[in-house]
Amino acid sequence: MSKRYYNHKRQRDEDGDAPGRTRHPPGLKGKDIGLFYARRSQARKQRKETLGTVCLSDSKEKEIRRLFYGKSLENLNLTDGNSYTHIEDSIFKRSYLSSIRGNITEKLCEAPIDMLRVPHLDEQLKNEFDKKCKDSKYISMFKFREKLPSYSMREALLKVIEENQVVVISGETGCGKTTQVAQFILDDYLMKGKGSMCKIICTQPRRISAISVAERVADERAEKLGVSVGYQIRLEKKLPRDHGSIVYCTTGVVLKQMESDPALSQVSHIIIDEIHERSVPSDFLITLLREIIKRRTDLKVILMSATLNSEAFSKYYNNCPHLNIPGFTFPVEEYFLEDVLQMTKFKFNQIGPQNGNRFYWKKKQDNKDPAHIEFKEYIVPYARQLKSEGQYDVQVCEQLKDIDSEKINLDLIFDLVVHICESRKEDGALLVFLTGYAEISNLYKKLETSKKFPTSKYVIFPLHSQMSTVDQRQIFLPAPTGKRKIIISTNIAETSVTIDDVVFVIDCGKIKMTHFDVDSNTEKLEPLWVSVANADQRRGRAGRVKPGVCFHMYSRARHMIIEKYQKPEIIRVRLDSTILQAKILQLGKIEEFFPKLMDPPDSKAIQLSLDLLQRLNALDDNENLTPLGYHLAKLPVAPQVGKMILFGAIFSCLNPVLAIAASLDFKDAFQIPLGKEKQADMKKREISDGLNSDHWLLYKALETYETEGNTQRFCYEYFLSSFTLSQLKKMKDQFMTYLMDLNFVSSLNPRDPPLNRNSRNASLIKAVICAGLFPNVAVLRLDQRGRARTIRSIDGEQRYKFHPGSVLSGYNTCVFESPLIVYYKKLKSSSDFIHDATMVHPLPIIFFGDQFSHKLTPDGHCISISKFLTFKTTEGTYRVIKELRDRMNWFLEHKITHPGFVNWNEPSNEMNVLTAIMELITSEDLGDIDNEDDDDDDCY
Ligand code: CDP
Ligand code: MG
């Protein structure tokens, strides 16, 4: 390891002096002794704050100066307020200005209002439809459709939609809302010879449901996708004809469409499905539509939800009519934890002080934890009451008093599955609700390896959104005769997919959710108690074909105190992207628009995101989109990831940066089977090139996948999901189309050589990552050998750990040359974890960080970033950095306001500045730094 200029020894020594140095030198008297100690404590303080010395060698300084000195770029005035006269007239300028001037109300006023009728098309569509009704496949599918509860409500539905602009439709899952309602409307228009006036959009919360529903509906209409039915999701589309058609799309797609056409001028009906899920996009869309329908009085809005809380939506839309499709479900017997314990005789682990595990016992007794307090207040008295009533075994009541009974216990669930399969001889599938991938695969393995579920008698499916659609289709098929189907699923099976033959349901009682804690500015991913609404939905899954049974893995007492409904997503997540979206949609001041939402988020959460967007230079002080903010809002990723992409394009290292951006935005492709973590860590290290960067690893994984011949073997060997990798590859292509629209690239190929001139320069890529992710910086305290002792937030207030999955996490294996890391995601689960990180040298931080300042102290020149990150430097280095930083800011502003491809192959002033920046920010990795003051304590 190089100890070029990070003086780890100094860091280590900061809290104590070497022996013999603790007292003042002999001979000092009176005031001088005081002065000696005052100076020493000042010097120590300084040491504490300083993160190392940044000092360029003379030759490097000269080389960098030569590159940019005297090469003046056009003298544009960058401080001309809002007139933007410094931006040359361009498509960008016009669309940017139109996006910051005016508002959605004005835009709506300018929009054409009525959909145009095309008479000859009406006739043609009618004839086609009449012919279709005689098609044998259509007829046989129609027989199925006729039996759905929604069919009996067809006339009533059409009437209420005809007579009202907004309608709420609710109904049990599987009654035929998603597949039928849009078809009723379309067929009615076709039959009445008004087909050209009908264009229905039906939004879905998930990509997978948009595709599978569109396929199903096309099937029901005896057509191929792309005739009267199609879909559009972020990476794919198969659009139907323009008139007389239905598009199933994700909610995000509609919001994107509204950026250019807020009036949805070519749409006759918009159906927002699954609104009860309260996702951010659907909450947002519902609020927007309230404004839009004032202008588009002919636009029909249909809100569809499972039978949960649907009244609240009707109330939000001025008490609009609400129609419930009465579904027929069979009665479902309900059992709770006490019953399950009675049936299985299960005992939770009894590890107490008598068994020698004092720590565990103490943890179990934690009196300050709110969960423990609640448990003592409600569950323990309930267990006592049960005991006194004598209905259950004493042992069962004792088990309920154990706080472990409130955690998901896979052993207990396993025992219950065995119990059901052994004691219930009737046919019917078993559906188990769990919270996440790890649990699902754990239980799956437990069942598979237990020998109690031979393949001759059972078919077992895990069901998770990460699985490919092909696998998922098999789940809907009835199990072969004589076999029982067991499905282990996340809450995806609650409302979005319907498996008809389920008779038994096990509800683990929990649901995994992200929750943004404004006080610690951290997201938390935790399994939380389900709401009553979730529990009812889960129970309902058991009674679709005949009477069923549902087992809730929590006590009746717990059932009494869980919330009625789950909190909407918008009050649980960070709002950075939502605010940018609101800005590009021209919704005005955030504090005026957000209160219009059904459940407005906390004003502190809004402020945190506004602050971040200002620090990223996406919004100005008046909350207006800056030119950079405009580009970031146009890219379909979080603002920090978008910024990284733009820098990747400018610095000609696009392919690696796109791979990293896609992985951060979607998910990383590693899928580590349980018990294989160590092996996977080794494999990760093997391809991470020892760069102390998870982001580099993400790039290498995708890059190898894209260039390797045998992808299957590679994925298997390195624990990667080829499905995820193929999605990431598609995302890169999609980012290219956005960059092309924004005019930052001249080709659609992410691997195009002119866009990747510097793609082999790992230190530049790390600097670009830093440019994007700043201010997500954490500071390591390193020991003598450069290993991370502690990780603290930029201001030193919070402590973190590397997530065990990060390549930076190995205490013995990771040696850091720099105490600085940048990260994208920190998440609180069992600890405050940094999920993905890259070690960076100070210069990228000094270069791309905000609040740059310089101070001359008695000890020399210091540069500080964001107030908290201070580096010692020399006057010469400071001057080069300062001048180049000014140039860079000028250049970026110019580039962002004059988007264009940077041609690195032709000499130009632009190129000189970029090369100088690159020389500077990568010089630390190349060893071009003087280390003359290393280990020289007196330099302080
Ligand atoms: O939206 P809702 O839950 O009310 O029902 P739906 O999704 O329209 O489903 C109506 C019926 O179509 C159900 O009985 C499903 O089993 C069936 N269906 C199907 O067979 N294949 C699909 N991809 C979707 C629905
Ligand atoms: Mg549905």
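Tutor: We'll take ring pairs, then charges over rings. This is a predicted model, where local features need pLDDT of at least 70, side-chain atom pairs count only at pLDDT 80 or more, and totals for chains, interfaces and linings use all residues. Residues are numbered from 1 along each chain as its sequence is written, and side-chain values use heavy atoms, with hydrogens and water left out.

Student: How many aromatic pairs does the structure hold?
Tutor: There are 22. Rings of Phe, Tyr and Trp (its six-membered ring) pair if their centres lie within 6.5 Å; planes under 30 degrees apart count as stacked, over 60 as edge-to-face and the rest as tilted.

Student: Why is the F36 and Y37 pair edge-to-face?
Tutor: Because the planes stand at 80°, with the ring centres 5.0 Å apart.

Student: And F647 with F848, what are the centre distance and plane angle?
Tutor: 5.4 Å and 90°, so that pair is edge-to-face. F647 is in helix 29 (residues 639-650) and F848 in helix 36 (residues 842-848), so the pair ties together parts 201 residues apart in sequence. Helices here are DSSP runs (H or I, at least four residues), numbered from the N terminus.

Student: Is F647 buried or exposed?
Tutor: Buried, at 6% relative accessibility. Buried means under 20% relative accessible area, exposed over 50%, partly exposed in between (1.4 Å probe, protein chains only). F848 is buried too, at 10%.

Student: Which residues form one aromatic cluster?
Tutor: F129, Y138, F142, Y151 and F184.

Student: New topic. Which ring does the charged end of R290 sit over?
Tutor: The ring of Y316, 4.0 Å from its centre. The test is NZ of Lys or CZ of Arg within 6 Å of the ring centre and within 35 degrees of the ring normal. K683 also lies over a ring face, that of Y718, at 4.9 Å from the centre.

Conventions: Chains lettered and ligands numbered in written order. Helix = DSSP H or I, 4+ residues; strand = E, 2+ residues; numbered from the N terminus.
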